[in-house]
Amino acid sequence: MSNALRRVSPLLRPLQRLSIRTFSALRRLLNRSGHWIDDRPRLARWVYPREDADLAADYGAFNGQMFADFHEHERMLSDRPRMAFYRAAITRHVHAGDHVIDLGTGTGILAALASRAGAGEVHALDHSEILDHARTLAQANGITNITFVSTHSTAFTLDRRVDVILHEQMGDCLFDEAMVTNVSDLRKRLLKPGGRIVPSCFDLFCEPIQIRDERVVPFLWDLDVPGYDYSSLERSRPQDPRYYRLCSTDRNLVAHYLGETAPALSIDLHTADDSTLPSELRVVRTVTRPGRLDGYAVYFRARVDDDLSLDTGPLSPGRAPHWGFRILRTDTRQLALGDRLELHLRVERWSDLDTWRWSTDVTRAACSV
Ligand SMILES: C[S@@+](CC[C@H](N)C(=O)[O-])C[C@H]1O[C@@H](n2cnc3c(N)ncnc32)[C@H](O)[C@@H]1O
């Protein structure tokens, strides 16, 4: 350092300190307001605009790649409750001579079941490279009335309407594989009036749960680590919504539901489309099995007839094992018999879990402390 600089540097130091403080305060402010904006999906969308078409294209590319791989299909095809459900549903609801579209045919299994149930003609669509294998498989199995079409369903056209749309487009949280968007698009353009969608009726569940004690993983700031206190980290709660969602297929994770289960939302794909889905849900439960609230389990049930359904609930005896259920994490609370829980779920786009936000209110039963 030159002598001249050495002489003025003590004068600069307060200025330097001031600017360091100002910049770190500014950084903190930007950070906080970024989180504040991220936490409000509608505002975030306005501040960082993205076209729906971009989102759909991103999702389509991701989905197409995911299902190009054999492993995803192995998991689905070895899910016995899933396969038994589809076999029965197709046997009952695809009739001789029907003209059928199989939306997202994968290895072609639903199209093949429809063909064997007597369908006259089947159009099997898929946007993934798995379709080449579906074609080979149908040939190897002697099935000749399936036309395989390599396309995204929204780009598919036909010169006449069909009797049946078959699909398996359910994500873990029901909507996260764009089922409603894709099926309603085909329904409007290509299903005959009175035509059938198999499956069409769905219930979404968001149930308060207690996780088994030995399996609980608390938030970092709630941890009980002997001799070391993590509670100060609560100030640094992550803002990324993914941190507050867990995914599991483990039947031994959930100890029990805190209340009686009931659908939080029910839809019928014969009438639903994205515009008919609510942007908010309120799920109210009275505690019938006291315990600790660890979060909400999100899962679904598909219904074809009164005696034919498919269930992915963490405690459902015949749960379809390849679907995960999600846990929306909440702050933990001990709840007594008769306490009332209210989950408030706000959703910007049902197909995008990152736009789900939730909070929960507890009203204590009159006699609980
Ligand atoms: C969950 S897998 C089901 C495969 C098969 N139907 C079965 O039951 O085994 C969904 C399939 O749909 C395809 N898919 C998803 N969305 C699609 C779309 N909009 N158009 C065409 N194919 C789609 C994926 O590539 C994947 O192969």
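Reader: On what basis are residues numbered, and what pLDDT do side-chain atom pairs need in order to count?
Author: Residues are numbered from 1 along each chain as its sequence is written. The model is predicted; totals for chains, interfaces and linings use all residues, whereas local features need pLDDT of at least 70 and side-chain atom pairs count only at pLDDT 80 or more.

Reader: Which residue of β15 stands opposite L341?
Author: Strand β14 (residues 340-347) and β15 pair in the antiparallel sense over 8 bridges. Opposite L341 stands the β15 residue V362.

Reader: Which strands form the edges of the parallel sheet?
Author: This open sheet has 5 strands in the order β3-β2-β1-β4-β5, with parallel pairing. Pairing on one side only marks its edge strands, β3 and β5 (191-198).

Reader: What is the average twist in the parallel sheet of 5 strands?
Author: The sheet runs in the order β3-β2-β1-β4-β5. Its twist, taken from one strand to the next, averages 20°.

Reader: Which residue of β2 stands opposite H99?
Author: Strand β1 (residues 99-103) runs parallel to β2, and 5 bridges join them. The β2 residue opposite H99 is E121.

Reader: How many bridges link β11 to β13?
Author: β13 (residues 325-335) pairs with strand β7 (residues 245-248) in the antiparallel sense over 4 bridges, with S248 opposite F325. It also pairs in the antiparallel sense with strand β11 (residues 291-305), where L293 stands opposite R333. The bridges between β11 and β13 number 7.

Reader: Why do the buried residues of α7 line one face of the helix?
Author: A residue is buried if 20 or more other C-beta atoms, placed from the backbone, lie within 10 Å of its own, exposed if 12 or fewer, and partly exposed in between. In helix α7 (residues 130-140), the buried residues are I130, L131, A134 and A138. They line one face because, seen down the axis, the directions from the helix axis to their C-beta atoms fall within an arc of 100°.

Reader: Which exposed residues lie on the other face of α7, turned away from its buried side?
Author: The buried residues of α7 are covered by elements including α4 (70-77), α6, β2 and β3 (146-150). The face turned away from them carries Q139 and A140.

Reader: Which residues come nearest to the ligand?
Author: The shell divides into 6 nonpolar (Ala, Val, Leu, Ile, Met, Phe, Trp, Tyr, Cys and Pro), 2 charged (Asp, Glu, Lys and Arg) and 11 polar residues (the others, Gly among them). At least two residues of the shell come from each of α3 (52-66), α6 (109-116) and β2 (121-126). Of the 19 residues around the ligand, the nearest are F67, G104, G106, S128 and S153.

Reader: What is the phi of L174?
Author: L174 is in the loop between β4 (162-167) and α8 (179-190), and it counts as buried because 25 C-beta neighbours lie inside 10 Å. Most residues other than glycine have a negative phi. The phi of L174 is positive although the residue is not a glycine, at about 70°.

Reader: Which residues does L220 touch?
Author: L220 lies in the loop between β6 (201-211) and β7 and is partly exposed, with 14 other C-beta atoms within 10 Å. Contact means that C-beta atoms, placed from the backbone, lie within 7 Å. Not counting residues up to four places away in sequence, L220 touches Y230 and L233.

Key
A residue is near a molecule or strand if its C-beta atom, placed from the backbone, lies within 6 Å of it. Two strands pair if DSSP finds at least two bridges between them. Two residues are in contact if their C-beta atoms, placed from the backbone, lie within 7 Å. Axes are lines fitted to C-alpha atoms, for helices over the stretch in contact, and angles run from 0 to 180 degrees between N-to-C directions.
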